[in-house]
Amino acid sequence: MSDLDEVIENRTFDEICVGDEAHLEKRLTMEDIKLFAIMSGDVNPAHVDDDFAKSSRFQEVIAHGMWGGALISTVLGTQLPGPGTVYLGQTLRFKAPVRLGDVLKVSVKVLEKDQAHHQITFACRCENQRGDTVIEGEARILAPTKKIRRPRTVMPKVRLTERGRLHEILTAADHPEPMRTAVIHPVDESSIRGAVESAAHRLIIPVLVGPEMKIRAAADSAEVDISGFELVDTPHSHAAAEKAVALARKGSVDALMKGALHTDELLHEVVNRESGLRTERCLSHVMAFDVPTYPRPLLITDAAINIYPKLDQKRDIVQNAIELAHALGNLDPKVAILSAVETINPKIASTLDAAALCKMADRGQITGGTLDGPLAFDNAVSEAAAKTKGIVSPVAGRADILLAPDLEAANMLMKQLSHLADATGAGLVVGARVPIILTSRADDALTRMASCALALLLADQQHRAVASAALKGA
């Protein structure tokens with residue numbers, strides 16, 4: 001049913017009984033906060049200034065209190081009773097902050113009916129995804145006495161230059177169970193807080209690996225509770241990386257998450273031929289970007305692992321990115337193989353690699369996606385640019401994955417999108433036996449959670465693939 005076909009219908013005073021309930025669920029996004037601030041004029045920096053919020057008692061941006069109150073009004077005005085409802089009064093008690101990524105369940109329940117005046121008192125409650133009550137109170141309304149059934153008004157879509165698609169990744173990860181994740185050497189505030197926040201959103205079950213005293217000191221400094229987490233004591237960061245990889249090899253954890261250690265130190269253990277997590281493919285890094293001016297998620301690879309990849313490595317890099325796209329629900333991602341030009345030029349090696357990769361896909365050496373290349377960047381992301389150059393392609397202008405010629409090009413592309421196009425992204429190392437979450441001290445809570453969500457989705461898909469293969473073998 002399309003929006004144009006939907007109707008909104010009320011329940012009259014006589015149709016409503018004491019004990020009747022109605023609910024809605026809504027995830028808090030930065031767009032919600034910005035739009036509420038624009039509408040209300042409330043630009044309290046606790047809500048809209050990330051730098052200020054980090055120094056506040058909550059240490060991150062939180063929702064306006066009345067955002068939750070507005071959701072209560074939504075339930076009353078659209079569901080129970082619905083159209084014709086007149087608000088008479090509302091009391092609210094704010095019990096806990098609503099943080100970015102929180103999913104609120106908003107409930108109203110009929111407490112009493114005033115027959116003489118057609119008034120109803122409702123108990124109102126907002127709970128987060130952990131079941132914690134964040135808002136509670138009572139509302140009194142004048143209920144409609146006549147039946148109303150109207151087409152639902154279609155509101156215009158509003159798009160701010162914020163991170164809606166990172167929230168889509170979080171939403172996609174709502175269903176799989178959280179994965180046991182070795183958080184390696186989380187001895188600073190940002191890494192320990194990232195683990196705790198991701199656990200609170202049921203993305204991971206942290207196994208904290210590193211020097212116990214330093215981890216506990218970091219938790220105390222960050223004012224977070226780690227008492228419910230398993231802690232594996234090691235003497236230093238190198239030993240933490242080695243132990244975490246061993247846990248993954250045994251199947252004790254489903255993913256690795258980088259803490260306060262160098263990426264090279266972690267990957268050195270991951271790629272160890274005897275004790276590491278290598279597969280038949282090379283490792284590669286994929287960044288899932290939300291670009292406000294682009295109508296779909298954009299995966300960019302590889303900006304962190306392979307400096308000047310050879311053709312066989314590019315094959316692996318493409319296949320890794322395709323499998324991550326599958327985990328995100330895109331079963332036929334369009335892969336643009338980038339170069340400086342869109343024609344094959346023997347003097348430009350990346351155009352020859354692009355042609356070879358496309359032929360490899362034709363021969364089944366790369367599966368699960370649609371490849372085209374070489375494509376210049378504009379032709380990959382702009383249908384108008386592709387049309388101007390006469391490029392007829394199922395990929396041109398509609399790319400889901402961008403394969404850069406080398407690490408330098410990918411890195412510059414990502415940073416240009418971040419700093420000039422207000423793009424944001426969550427990254428993952430793929431191609432190992434388990435997903436590897438690479439975090440940065442500069443990452444905010446939402447970016448860390450989105451990276452964990454990517455890993456959760458990929459791990460869930462890998463488990464299903466193994467189970468399916470086992471069933472076919474049986």
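**A predicted model, discussed piece by piece**

Tutor: In this predicted model, residues 24–121 are 35% helix and 29% strand, and the end C-alpha atoms of that span lie 19 Å apart.

Student: What feature does UniProt place at residues 24–121?

Tutor: The UniProt record, an unreviewed entry, gives "domain: MaoC-like" for that span.

Student: OK, zoom out. How many helices and strands does the protein have?

Tutor: There are 15 helices and 18 strands.

Student: What share of the residues is buried?

Tutor: Buried residues are 50% of the 474. The exposed surface comes to about 22300 Å², with 52% of it supplied by carbon and sulfur atoms.

Student: What about contacts in the protein with a separation of 6 or more: what share is from residues 24 or more positions apart?

Tutor: Those account for 72% of them.

Student: Switching to charges. How many salt bridges are there?

Tutor: The count is 24. One of them pairs Glu60 with Arg99, with the closest N and O atoms 3.2 Å apart. Glu60 sits in the loop between helix H3 (50–54) and helix H4 (65–78), while Arg99 is in the loop between strand E3 (86–94) and strand E4 (103–114). The two are 39 residues apart, so the pair links distant parts of the chain.

Student: Is Glu60 buried or exposed?

Tutor: Buried, because its relative accessible area is 11%, under the 20% cut-off. Arg99, at 23%, counts as partly exposed.

Student: Which residue does Glu136 bridge to?

Tutor: Arg93, with 3.6 Å between the closest N and O atoms. Glu136 is in strand E6 (residues 133–142) and Arg93 in strand E3, so this bridge ties together parts 43 residues apart in sequence. Glu136 is buried at 18%, whereas Arg93 is partly exposed at 43%.

Student: Which residues are linked in a network of salt bridges?

Tutor: Glu9, Glu15, Lys147 and Arg149 are linked that way.

Student: New topic, helix H9. Which of its residues are buried?

Tutor: In H9, residues 263–270, the buried ones are Leu266, Leu267, Glu269 and Val270. Down the helix axis they fall within an arc of 155 degrees, so they line one face.

Student: Why would residues three or four places apart point the same way?

Tutor: Because an α-helix has 3.6 residues a turn.

Student: Last one. Where does Asp422 lie?

Tutor: In the loop between helix H14 (407–420) and strand E17 (424–430). Asp422 is partly exposed, at 40% relative accessibility. Its C-alpha atom is 24 Å from that of His64, a residue 358 positions away along the chain.

Note on methods. Residues numbered from 1 in each chain as written. Predicted model: local features only at pLDDT ≥ 70, side-chain atom pairs only at ≥ 80, totals over all residues. Heavy atoms only, no water. Helix = DSSP H or I, 4+ residues; strand = E, 2+ residues; numbered from the N terminus. Buried < 20%, exposed > 50% of the residue type's maximum accessible area, 1.4 Å probe, protein only. Arc of directions from axis to C-beta. UniProt positions renumbered as here; feature names shortened; annotations may be inferred. Contact = heavy atoms within 4.5 Å. Areas by Shrake-Rupley, 256 points an atom, 1.4 Å probe, with all protein chains shown as cover. Salt bridge = Lys/Arg side-chain N within 4 Å of Asp/Glu carboxyl O.
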